[in-house]
Amino acid sequence: MSGESLYLDPQIRDWVLFPITLVMILVGILRNNVTQLLVSSPKKSTRSATREQRALLRAQILRANAKSSPLPPSYYTAHTDDLIAAFAAGRYLKEDPSRPNEVDEHGNRIAPAPGNMLTDPSMMEGMMGGMKNQAVMMVPQMVIMGWINFFFQGFVLIKLPFPLTLGFKSMMQRGIETPDMDVRWVSSLSWYFLNWFGLNGLYRLLLGDGNAATDQKDLATSPFAGAGAPVMNQPQDYNKLFASESENLQLAQGLYSWIGDDVDSRILRRYGKLPVA
């Protein structure tokens, strides 16, 4: 059949090809609107949680700029010693009023274990939000695939205007077991997959960048992705992060260099007032 021509009924174009494409576009737009309705407003972080995060960020900035620090030696040493002492005492950790403070054998405070996703309401809400978004992504695709398999299984819809190698045959002719058919012919199920992965540009044009209809999220739930379950963000143990950052600050003290050291001589050498060393 590769050397023969196939003549398709125009009704296949009007009642199969165009409807599948139109349904895919409309479902993507509807999915984007439903996803926006399901997105809950972000909750404000508590003061203690923000303080905990900012303390770690301040230590990281102080350590990252140790080689050319704008802080004089006295200020840098005072900031570093204060952060190390605060991390060891647990002053920046979130307080849990239901549990007493525990200390280890060295007298350092032991932070409570990270919360469980199934018991923490905020984590549970985030998990449910992710499940609802995955349902919005998966259910329409399953319905459309079932609709195409039930009504249009085995249909040949279109012939591509450019040549393809035999390696594309299984992708272009899903549901049609004809080894001698030209690779350029596309079956109904393959047309569904081509639209699924190929309408991103149209969605960006209609809905803008960052919309919920693009296939970047669908790749995680597609049958080609295997295990497409989303990875939930695990709660961070700031007690361990603070202990690690405290050690890094101690190491950074050996690399400390003040950017203003010998600045007067450098300025004079730059303008030729002193001989270059």
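Modeller: A lining residue is one with an atom within 4 Å of a point of the cavity, and the helices are DSSP runs of at least four residues, numbered from the N terminus. The model is a predicted one. Searching the whole structure gives two cavities of 30 Å³ or more. The second largest cavity has a volume of about 50 Å³. Its lining is made up of 11 residues, and those that lie nearest the centre are Met 24, Arg 31, Gln 141, Trp 196 and Tyr 203. The largest share comes from α1, with four residues. By residue type, the lining of the second largest cavity divides into six nonpolar, three polar and two charged residues.

Now to the rings. The distance of the centres and the angle of the planes describe a pair of aromatic rings. Over the whole structure, 12 aromatic pairs are found. One of them joins Phe 87 and Tyr 92: the ring centres are 6.2 Å apart and the planes stand at 70°, so this pair is edge-to-face. Phe 87 and Tyr 92 are both buried. Elsewhere, ring pairs link Trp 147, Phe 150, Phe 151, Phe 152 and Phe 155 into a cluster. A ring can also face a charge: the charged end of Arg 174 sits over the ring of Phe 193, at 5.5 Å from the ring centre.

Methods: Residues numbered from 1 in each chain as written. Predicted model: local features only at pLDDT ≥ 70, side-chain atom pairs only at ≥ 80, totals over all residues. Heavy atoms only, no water. Phe/Tyr/Trp six-rings, centres within 6.5 Å; stacked < 30°, edge-to-face > 60°. Buried < 20%, exposed > 50% of the residue type's maximum accessible area, 1.4 Å probe, protein only. Lys NZ or Arg CZ within 6 Å of the ring centre and 35° of its normal. 1 Å grid on protein atoms, 1.4 Å probe; cavity = no way out; pocket = protein on both sides within 12 Å on 5 of 7 lines; lining within 4 Å. Points joined across faces, edges and corners; volume = space filled by probe spheres on them. Helix = DSSP H or I, 4+ residues; strand = E, 2+ residues; numbered from the N terminus. Nonpolar A, V, L, I, M, F, W, Y, C, P; charged D, E, K, R; others polar.
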